[in-house]
Amino acid sequence: MITLHGFAASNYYNLVKHVLLHKELPFQENLIYGGSDELLVISPVGKVPAITTAQGLNISESSVICDFIEETYPAMPLYPENAGERAVVRQIMKISELYFELPSRRLITYAFTGTAVPELVATEVRQVLSRGIIALNHLTKFSPWIAGEQFTMADIYVYYVNTVVKSIASSQLNWEILADIPGMKEWDVAMGKSDIAQSVEADRKENMPEFMQKVTLQMKASNESPNKS
Ligand SMILES: N[C@@H](CCC(=O)N[C@@H](CS)C(=O)NCC(=O)O)C(=O)O
């Protein structure tokens, strides 16, 4: 059986969990937080999610895990058969990671600490997000799924990317970012209504207090560290 390592407050963890649930694969969850020595044995950069496969292989990086699951368990496919269409799905995933998720993450610490985002940082982040918007407007279809008629890995991937992006853009940049991609807001609402998304969300909510406690303790420890510059 697959073991999914990580914690439910993580959107990356949740997208892999959604894929496993979609494919109706049996798996167990191992609650573990980022940065721990135990996690470094499973995940080389000490981040979640990671999986341990039925054969005992450890794999990290959510998009790599998604590909492994698809290749190993091809039933209920999440990529199109056609190579060109598959490439479009992967472009949507990659662009949402590089130009949506990662710039938004630069603002997470400001959100957690309630500190104002410096204007230079806000400008840089807005520029990267704007490129993402142009690219996603170019590639997405929402007819009814993000890449067209087939429900794909990109639907799951971008839905969980958006959980971070829309909240951070709204709170830190006062930007209702999904509205800049016609069709995305409606698709996002529809995605959130599925039974799988609802059960993943319930687990996320349950884990949030414990996760926030860990973050608060970590921030306190780093503020008190004698090496703090
Ligand atoms: N590129 C990684 C990113 C994973 C990631 O950033 N995970 C966060 C949780 S959402 C984490 O483990 N952070 C802990 C840390 O940075 O120590 C992926 O796609 O899986």
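Which element gives the most to the lining of the largest pocket, and with how many residues?

Reply: The model is a predicted one. In it, α9 gives the most to the lining of the largest pocket, namely 11 residues. The whole lining is made up of 45 residues, and those nearest the centre of the pocket are S10, N11, R105, I108 and F211. Elements that give two or more residues to this lining are α1 (11-22), α4 (83-105), α5 (108-113), α7 (153-173), α8 (184-192) and α9 (195-224). Sorted by class, the lining has 22 nonpolar, 14 polar and nine charged residues. The space in this pocket comes to about 1400 Å³.

The ligand takes up space that is the largest pocket. Around the ligand are F7, S10, Y12, G34, G35, K47, V48, P49, E61, S62 and R105. This shell divides into four nonpolar, four polar and three charged residues. S10 and R105 belong to the shell, and both are also among the lining residues nearest the centre of the pocket.

In E61, a polar side-chain atom is 2.6 Å from a nitrogen atom of the ligand. S62 also uses its side chain: an N or O atom there lies 2.7 Å from an oxygen atom of the ligand. With V48, a polar backbone atom is involved, 2.8 Å from a nitrogen atom of the ligand. As for cover, the ligand on its own has 510 Å² of accessible area, and the protein covers 76% of that.

Terms used:
Residues numbered from 1 in each chain as written. Predicted model: local features only at pLDDT ≥ 70, side-chain atom pairs only at ≥ 80, totals over all residues. Heavy atoms only, no water. Near = heavy atom within 4 Å. Polar contact = N/O pair within 3.5 Å; in protein donor to acceptor, adjacent residues only side chain to side chain. Areas by Shrake-Rupley, 256 points an atom, 1.4 Å probe, with all protein chains shown as cover. 1 Å grid on protein atoms, 1.4 Å probe; cavity = no way out; pocket = protein on both sides within 12 Å on 5 of 7 lines; lining within 4 Å. Sits in = over half its atoms within 2 Å of the grid points. Nonpolar A, V, L, I, M, F, W, Y, C, P; charged D, E, K, R; others polar. Points joined across faces, edges and corners; volume = space filled by probe spheres on them. Helix = DSSP H or I, 4+ residues; strand = E, 2+ residues; numbered from the N terminus.
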